Amino acid sequence: MNILYILLAILMLGVLVMIHEFGHFAAARLLGIEVKEFSIGFGKKLWGRLSRRGTQFSLRLVPLGGYCMFYGDTDDDPEGKTRDDPRNYTQKPAWKRVLVTFAGPLMNAVLALVLAIVLMGFYGVESDTPFLVEVQEGSPAYEAGLRPGDLFVRIGDTDLTAASAQTVSNAIGAYGNGQAIPFTMLREGQEVAFSVVPAYNEELQRYMVGITIQQGQKKLAPGRVLPAAWELTAQNAVAIVQALGKMVTTGEGLDQSAGPVGIVNLVAQETRTGGLPVYLQLAVFISINLGLMNLLPIPGLDGCRIIFLVIEMIRRKPVDQKIEAIVHLCGYALLLGLMIFFTVQDVRNLFVK
């Protein structure tokens, strides 16, 4: 596989995780919570700089994501020895810590929507039904009222809703020279009928209606970009929630799950085949998936941290920091074990294929 596509896949994962951590960082800064370290990547430090506000910014060897560490939280001080430090994260109001924790997954959702807007703005939506990509101004089709973006429904009595572009051309060509052709098109969800009388083209010596037919990506009007992007983001979120529900209740889809190696392999393969539109589609899906997965009530993830904070707000006092640290440590061990399992499975699948 071309190394370029592998690097693009790694870059995607790194950026998505980094944006997640930046969500925590930005929310903390807005709410007046001190950040001990914000790191891009993991492992050995390649570069570092201490800001005037006391935050250590780091660039590390492994580019897959990063982390945002706070003074005195369970990752920095599991035993709570720095509780009296005025910068201590655990001494901040619980509602602020909930917002900071939730900001990571939220940023993944925002990024997914932004990427979806870019995708819809530049490439449009997938269309199984052929559509008009161009209508020549002044042509018979234009004068009859056809416009770019109209979807084919019927030509006469021929159903074209799932036809190929060639089938549409054949249906148009089946009418005699100069004979009016009845078009039924879909425009903004409504069927509209047109009658187009082809004009004779002296240069090409044949009758033409003046249209260009395409199938695949359909361009959108500027006003439709944001609604389409929102719909794509919402559809992906619903699909992921449904898949997670089936996985938890029945185990369905567990055999199709993948770790970082499998995801990189998938993204690289699909990008090589489908280009930038597919790369953006995958980025939207994976970003939403990352945000939702982090909201699961699994120790070590944001969802579990939010549960501890809700308990703290109900009890009006925090859970013992040692207990919380042990719970998250067990979660990290579980997640590490799952990552190793899926990585081994991914590598094995690569060699089997």
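Helices (H or I, at least four residues) and strands (E, at least two) in these legends are DSSP runs, numbered from the N terminus. What you're looking at is a predicted model, where local features need pLDDT of at least 70, side-chain atom pairs count only at pLDDT 80 or more, and totals for chains, interfaces and linings use all residues. Residues are numbered from 1 along each chain as its sequence is written, and side-chain values use heavy atoms, with hydrogens and water left out.

**View A. The loop between β6 and β7 holds E188.**
Here β6 covers 181-187 and β7 covers 190-196, with E188 in the loop between them. Most residues other than glycine have a negative phi. E188 is not a glycine, yet its phi is positive, at about 55°. This residue is also exposed, with a relative accessible area of 79% (buried means under 20%, exposed over 50%, and partly exposed in between, using a 1.4 Å probe and protein chains only).

**View B. R316 sits in the loop between α7 and α8.**
The helices on either side are α7 (302-315) and α8 (321-352). R316 has a positive phi too, near 65°, and is a residue other than glycine. At 78% relative accessibility, R316 is exposed.

**View C. R60 and E37 form a salt bridge.**
Salt bridge here means a side-chain nitrogen of Lys or Arg within 4 Å of a carboxyl oxygen of Asp or Glu. A search of the whole structure turns up four of them. In this one, the closest N and O atoms of R60 and E37 are 2.8 Å apart. R60 belongs to strand β2 and E37 to strand β1, so the pair ties together parts that are 23 residues apart in sequence. Both ends are tucked away: R60 is buried at 15% relative accessible area, and E37 is buried at 11%.

**View D. E312 and R97 join two helices through a salt bridge.**
The closest N and O atoms come to 2.5 Å. E312 lies in helix α7 and R97 in helix α2 (residues 94-123), so this contact links parts 215 residues apart in sequence. E312 is buried, with a relative accessible area of 12%, and R97 is buried at 5%.

**View E. R187 meets D150 in a salt bridge.**
The N to O distance is 2.6 Å. R187 is in strand β6, while D150 is in the loop between α3 (140-144) and β4 (151-155), so the pair ties together parts that are 37 residues apart in sequence. R187 is partly exposed at 29% relative accessible area, whereas D150 is buried at 2%.

**View F. A nonpolar patch lies on the surface.**
I40, F42, L46, W47, L59, L61, V62 and L64 make up the patch, with about 700 Å² of accessible area together. Patches are made of residues with over 30% relative accessible area and no salt bridge; like charges are joined within 9 Å, and nonpolar side chains (Val, Leu, Ile, Met, Phe, Trp, Tyr) within 5 Å. The areas come from the Shrake-Rupley method with a 1.4 Å probe, and for residues only the protein chains shown count as cover. Strands β1 (35-50) and β2 (56-70) each supply at least two of the patch residues. W47 is in strand β1 and is partly exposed, with a relative accessible area of 46%.
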